[in-house]
Amino acid sequence: MKWVYVAAGILLYIKMLFFANPTSGLSGLAIVELLVKDSGIPNAVSAIIFRNRLYDTIFEVVVFTIAIMGAKFLLATENPSCTIYQFTDQPSIILSRLGATISALVSIELSLRGHLSPGGGFAAGVAGGTAIGLVAITSSSEWMQRIYERWHAATWEKISVLVFIALSTILLCGFELPHGEFGALVSGGVLPLLNILVALKVALGSWAVLLIFIHYRGLL
């Protein structure tokens, strides 16, 4: 098996040495323009993540899902904590909830317009998870758990992953929706939907992890 790796390395070196790079004649700006034209959205980073490198993005979402499952599995054998430390002074509570409101609005903005401007699904999900975390350190853990169960957040998290994988598979097979008007909110085909699904997955997954650590560790 070692010789197979050596041979593969030699072939790769020969390819890089003697075969020209098809994009070597393009400048950086020309490559960005090509990405924008092919994807139909102004944000070339989102175009790479959800189109050119979509295969990698699928597994990034799957890895995040496995990490959430792993946290629950590893902490399941521990005894739940009896002490939960939270902010109790009014100024800290007000500031935390103000920050949560701002983070939630940023999350919505990034998830809806991440394909048009800097931002994207992962950043939107982190902002949403931050908002949930700020609410968690100022609210009752029982109340947070009831809200989580009432809105079936765990179910929506799983649905978002399955729909993301299904849409990604369709896109990888070469089927795309019409790009629409360039720069409009509804443009870029299926890319905005992938953006929103990733944001939903990361935010709900962060919520699940927060509840797990609050339940078993109690210290925020």
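The model is a predicted one.

Of the elements involved, H9 gives the most, with 6 residues. Sorted by class, the lining holds 10 nonpolar, 3 polar and 4 charged residues.

The second largest pocket has a volume of about 370 Å³. It is lined by 17 residues, of which Ser107, Ile132, Leu200, Ala203 and Leu204 are the closest to its centre. Two or more lining residues come from each of helix H5 (90-113), helix H6 (121-136), H8 and H9. Here again H9 is the element that gives the most, with 6 residues in the lining of the second largest pocket. The class make-up of this second lining is 13 nonpolar, 4 polar and no charged residues.

Ser107 is situated in helix H5. Setting aside neighbours within four places in sequence, Ser107 is in contact with Ala124, Ala127 and Gly128.

The nonpolar cores come next. The largest of them has 15 residues, and those with the most contacts inside it are Phe50, Leu54, Phe164, Leu171, Leu191, Leu194 and Val198. Helix H3 (44-52), H4, H8 and H9 each supply at least two residues of this core. The largest share, 5 residues, comes from H9. Phe164 illustrates how such a residue is surrounded: without counting residues up to four places away in sequence, Phe164 touches Phe50, Leu54, Thr57, Ile58, Val61, Leu194, Leu197 and Val198. A second, separate core has 12 residues, among them Met144, Ala153, Leu204 and Ile214.

A search of the whole structure finds 2 aromatic pairs. One of these is formed by Tyr148 and Trp207 in an edge-to-face arrangement, with 5.2 Å from centre to centre and 75° between the planes. Because Tyr148 belongs to helix H7 and Trp207 to helix H9, the pair ties together parts that are 59 residues apart in sequence. Both Tyr148 and Trp207 are buried.

Gln145 lies in helix H7, and its relative accessible area of 30% makes Gln145 partly exposed. Between Gln145 and Leu98 there are 21 Å in space, C-alpha to C-alpha, and the two are 47 residues apart in sequence. The loop between H7 and H8 holds His152. The phi of His152 is near 55°, a positive value in a residue other than glycine. Most residues other than glycine have a negative phi.

The structure also holds 1 cavity of 30 Å³ or more. The volume of the largest cavity is about 40 Å³. Ser39, Arg51, Leu171, Glu176, Gly188, Gly189, Val190 and Leu191 form its lining. These residues divide into 3 nonpolar, 3 polar and 2 charged. Leu171 and Leu191 are also among the residues with the most contacts inside the largest nonpolar core.

Ile41 is located in the loop between helix H2 (28-39) and H3. With a relative accessible area of 0%, Ile41 is buried. Ile41 and Gly189 are 148 residues apart in sequence, yet their C-alpha atoms are 9.0 Å apart in space. Leaving aside neighbours within four places in sequence, Ile41 is in contact with Val36, Ser46, Ala47, His115, Phe182, Ser187, Gly188 and Leu191. Gly188 and Leu191 also line the largest cavity.

Note on methods
Residues numbered from 1 in each chain as written. Predicted model: local features only at pLDDT ≥ 70, side-chain atom pairs only at ≥ 80, totals over all residues. Heavy atoms only, no water. Helix = DSSP H or I, 4+ residues; strand = E, 2+ residues; numbered from the N terminus. Nonpolar A, V, L, I, M, F, W, Y, C, P; charged D, E, K, R; others polar. 1 Å grid on protein atoms, 1.4 Å probe; cavity = no way out; pocket = protein on both sides within 12 Å on 5 of 7 lines; lining within 4 Å. Points joined across faces, edges and corners; volume = space filled by probe spheres on them. Contact = heavy atoms within 4.5 Å. Core = buried A, V, L, I, M, F, W, Y, C linked by side-chain atoms within 4.5 Å. Buried < 20%, exposed > 50% of the residue type's maximum accessible area, 1.4 Å probe, protein only. Phe/Tyr/Trp six-rings, centres within 6.5 Å; stacked < 30°, edge-to-face > 60°.
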